[in-house]
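Here are some notes for a colleague who is meeting this structure for the first time. Please read them beside the sequence and the coordinates.

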Amino acid sequence: MSDIELKDLLYKVADDQLILGHRNSEWTGIGPLLEEDIAFSSMAQDKVGHSLAFYNLLHQLGESEPDIVAFTRNAEQFHNSKFVELPIGEYDFSLIRHFLFDHAELIRFEMLSNSSHEGIAKIAKKLKGEVKYHVIHADSMIKQLGSSTTESIERMQKALNFAMPYALGLFEVSEYEEKLISNRIYAGEVAIKDRWIGDIQEIIMKTSLELPDTKILTPEYGGRKGEHTEHLQPLLEEMSAVFREDPTADW
Amino acid sequence: MYGSAQIFDTPKLKELENEDPVKLAEFEARIERGEKIEPTDWMPKMYRKQLIRMIEQHAHSEIIGALPEGTWITRAPGFKRKMALMAKVQDEVGHAQLLYSAAETLGKPREQMIEDLISGKSKYSNIFNYPTFTWADSCFISWLVDAGAIVNQLANAKGSYGPYCRALDRICAEEAFHLKYGHHCVISLATGTEKQRQMFQEALNRWWPPMMHFFGPSDKISVHSEILMKWKVKMASNDAMRQQFLDMYVPKIWELGFTIPDQNLKKNEESGEWEYTEPDWDEFKRVINGDGPCNTERLAVRKTAEERGAWVRRALKNPKSAYVTPLA
Amino acid sequence: MSALKSLDPRVARLNIPSEIELITEKEEQDQLNTYQVFRQMNLKRPFEHVGIVHAANLELAFTFAKEQYSRRQTCSGIWVVETEKVKTTDFTEDQESIYSKIEEPENKKGQMEEFDFFHLDKRGKQHVHIGSMKAENHEMALWRAKQELELDKPVYNVWVVKSEDLLKVEEGFQDIWDTLPDKRYREAVDYKAGDKLKEFKERMNQAK
């Protein structure tokens with residue numbers, strides 16, 4: 001198992017967490033309800049913390065330090081999915097994104113907890129409890145907002161329809177997939193996707209929402225290969241604005 | 001943790017004449033004994049009204065204060081600062097929730113308090129009507145504005161109203177790292193590159209005047225609040241808190257080699273009091289009444305958040321049960 | 001219509017109209033109900049009242065309470081109950097226990113079910129869970145407690161809650177609090193700058 005396959009996996013996992021963590025942090029102070037504001041900020045913090053854990057592992061594998069890796073790369077060097085870089089929009093979109101992403105993330109973490117790579121398994125086992133809470137939160141909110149007022153049902157359905165093709169982009173298969181699976185690093189993107197559809201359907205069934213038919217949607221791929229929307233570069237510039245003023249300085 | 005000078009109504013002592021003198025005496029005796037007043041206890045209307053106002057303002061300050069600092073989360077340089085700042089700003093929102101909850105026990109629903117904030121009826125700490133231009137501005141707030149708030153808060157934690165005191169205790173416990181984090185950030189700037197030092201010095205020049213306003217108008221031109229002191233609603237005079245702040249933090253600023261933009265600032269070794277140029281209280285009044293650099297923006301953001309989030313709250317409302325005043 | 005200009009990039013992204021009359025009033029329907037929250041620091045300690053959350057239902061109340069009331073230290077469980085479902089007694093003064101004021105209720109009817117009790121043993125503190133017992137209704141629960149509890153200290157105030165009204169999140173969920181002790185960046189001890197400061201002061205002194 002050479003490092004290149006591992007790094008590819010770790011970068012996409014960490015980059016997703018870093019970017020989504022930043023997007024979700026944009027709600028701090030302007031959420032629709034104080035309690036929700038607090039919960040969402042916590043989860044954003046968790047995500048950034050998760051990305052740090054994985055960047056640290058990458059550093060052990062020879063990549064640069066986390067601060068450099070996170071705050072000096074440009075858009076085409078990032079391997080996050082297009083889904084996570086989209087602007088926060090209104091709360092319906094952000095919640096749907098949280099719901100769709102975190103269900104996939106929990107499955108991913110469960111698989112990585114059983115990885116043949118000790119370092120990965122250790123991190124995943126440790127942080128899994130946090131993602132478990134993220135899913136609890138997402139499910140509670142989706143169940144409520146997806147069944148409550150006509151207005152909320154309409155909004156959530158619209159957001160779900162819009163988000164689905166992007167969510168499918170999470171499962172873009174990498175060129176190293178076969179190797180990663182045969183080396184038992186994890187069971188692969190297709191396996192995650194299959195379980196994921198079942199998991200989210202289970203929750204959606206408890207609401208008045210309908211899950212779009214994933215078979216007829218075109219997934220928004222490209223993110224894993226460094227092809228991004230126009231939203232990523234400005235976000236990266238913002239994230240690194242102060243850091244880049246002097247990357248050698250101690251802030 | 002952004003509680004600062006509260007704006008009190010001039011207590012209308014005439015209102016007290018309508019209160020039951022026996023109950024009033026018992027109430028005041030309890031406070032004198034150092035016991036806490038709890039939500040179900042009898043209390044004079046004025047006490048309830050002033051407390052609601054004070055706690056509510058404190059809560060508004062927390063949620064508005066989250067804005068000038070929150071803007072730096074995405075831009076925070078490096079993981080360490082970013083995680084800390086995310087946690088800190090989240091705490092501030094959490095503190096708003098704790099404080100609104102304490103005020104709610106006095107009978108005013110939270111959404112009504114928020115309405116008063118967005119309508120402009122209720123005030124919040126004036127210092128947040130100023131903009132954060134650089135990372136160093138954010139560090140100033142994290143260190144010195146928090147420091148000021150802690151001076152205020154430690155005094156209020158010894159007040160008479162149980163739920164407020166308990167909220168403050170909880171806030172203090174979470175705050176422990178805010179001040180250290182802020183100081184740590186400033187030390188990094190001070191001991192860093194010339195550019196970093198300059199960034200902070202400029203921030204300090206900008207923020208010093210609003211910081212001198214932070215504890216409210218000087219005692220000699222302040223509202224008379226003897227009864228509020230007696231009832232342990234107001235715990236210390238504005239000047240006393242300002243002196244405490246200066247005594248604790250001016251030396252710490254000077255030891256980092258920064259200059260404070262007030263040539264008259266010095267400690268009178270005989271009296272032990274700090275002397276300083278009298279702050280411009282007209283400017284303070286102007287800004288707090290709406291004419292500051294960021295007032296419009298702060299309220300506009302808050303109103304937008306309320307408006308765009310209304311559909312969520314409507315969807316969360318349980319039509320089967322009615323709101324009741326929370327306990328304790 | 002132009003958008004509100006701001007130094008804050010995310011505010012700029014919100015596209016707030018700069019010249020529009022924004023709401024100054026909220027709808028009446030906005031106000032959510034409150035839920036009382038109890039937290040258990042670790043398995044050796046009882047559940048204690050910590051505050052409230054606004055929420056739509058018990059599940060959401062727990063979800064919110066977990067972040068608001070267990071962000072620090074440790075936690076092994078959280079209970080939530082609608083404020084309305086908490087029955088309270090009066091307060092007493094001095095050394096008198098509120099139980100001495102409990103009278104035999106007239107209404108002894110009801111199915112026997114479990115009730116949880118929370119005691120306040122000092123003004124200024126918060127209620128602590130002391131246990132549960134079966135009774136026909138809330139008043140009978142207090143009456144039975146009066147007969148059966150052996151109290152060595154006076155109790156100022158009691159909250160009685162039907163156990164089924166409480167959502168208890170504990171066993172099987174402890175892993176969501178696993179990483180709490182690791183979040184050192186939220187602790188003051190993680191911010192040591194003594195050495196840096198000392199070295200800086202020495203440099204300044206040398207320069208003089």
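This is a predicted model: local features need pLDDT of at least 70, side-chain atom pairs count only at pLDDT 80 or more; totals for chains, interfaces and linings use all residues.

1. In the contact between chains B and C, chain B contributes 58 residues and chain C contributes 49 residues. On the side of chain B that touches chain C, the elements that give two or more residues are α3 (79-104), α4 (110-118), α6 (162-190) and α11 (295-316). The largest share of that side, 12 residues, is supplied by α6(B), and by class the side holds 24 nonpolar, 16 polar and 18 charged residues.

2. Within chain B, helix α5 (residues 135-156) packs against helix α9 (residues 238-255) at an angle of about 130°, and their axes are 10 Å apart.

3. Which residues of α5(B) and α9(B) meet? From α5(B) come B:Leu144, B:Ala147, B:Gly148, B:Val151, B:Asn152 and B:Ala155, and they meet B:Met241, B:Gln244, B:Phe245 and B:Tyr249 of α9(B). By class, this contact has seven nonpolar and three polar residues, with no charged residues.

4. In chain C, helix α4 (residues 194-207) has 14 residues, which at 1.5 Å a residue should span 20 Å, and this agrees with its end C-alpha atoms, which are 20 Å apart. The helix α4(C) is hardly covered, since the count of buried residues among its 14 residues is zero.

Terms used: Residues are numbered from 1 along each chain as its sequence is written. Chains are lettered from A and ligands numbered from 1 in the order in which they are written. Two residues are in contact if their C-beta atoms, placed from the backbone, lie within 7 Å. Helices (H or I, at least four residues) and strands (E, at least two) are DSSP runs, numbered from the N terminus. Ala, Val, Leu, Ile, Met, Phe, Trp, Tyr, Cys and Pro count as nonpolar, Asp, Glu, Lys and Arg as charged, and the others, Gly among them, as polar. Axes are lines fitted to C-alpha atoms, for helices over the stretch in contact, and angles run from 0 to 180 degrees between N-to-C directions. The expected span of a helix is 1.5 Å times one less than its number of residues. A residue is buried if 20 or more other C-beta atoms lie within 10 Å of its own, exposed if 12 or fewer, and partly exposed in between; C-beta atoms are placed from the backbone.
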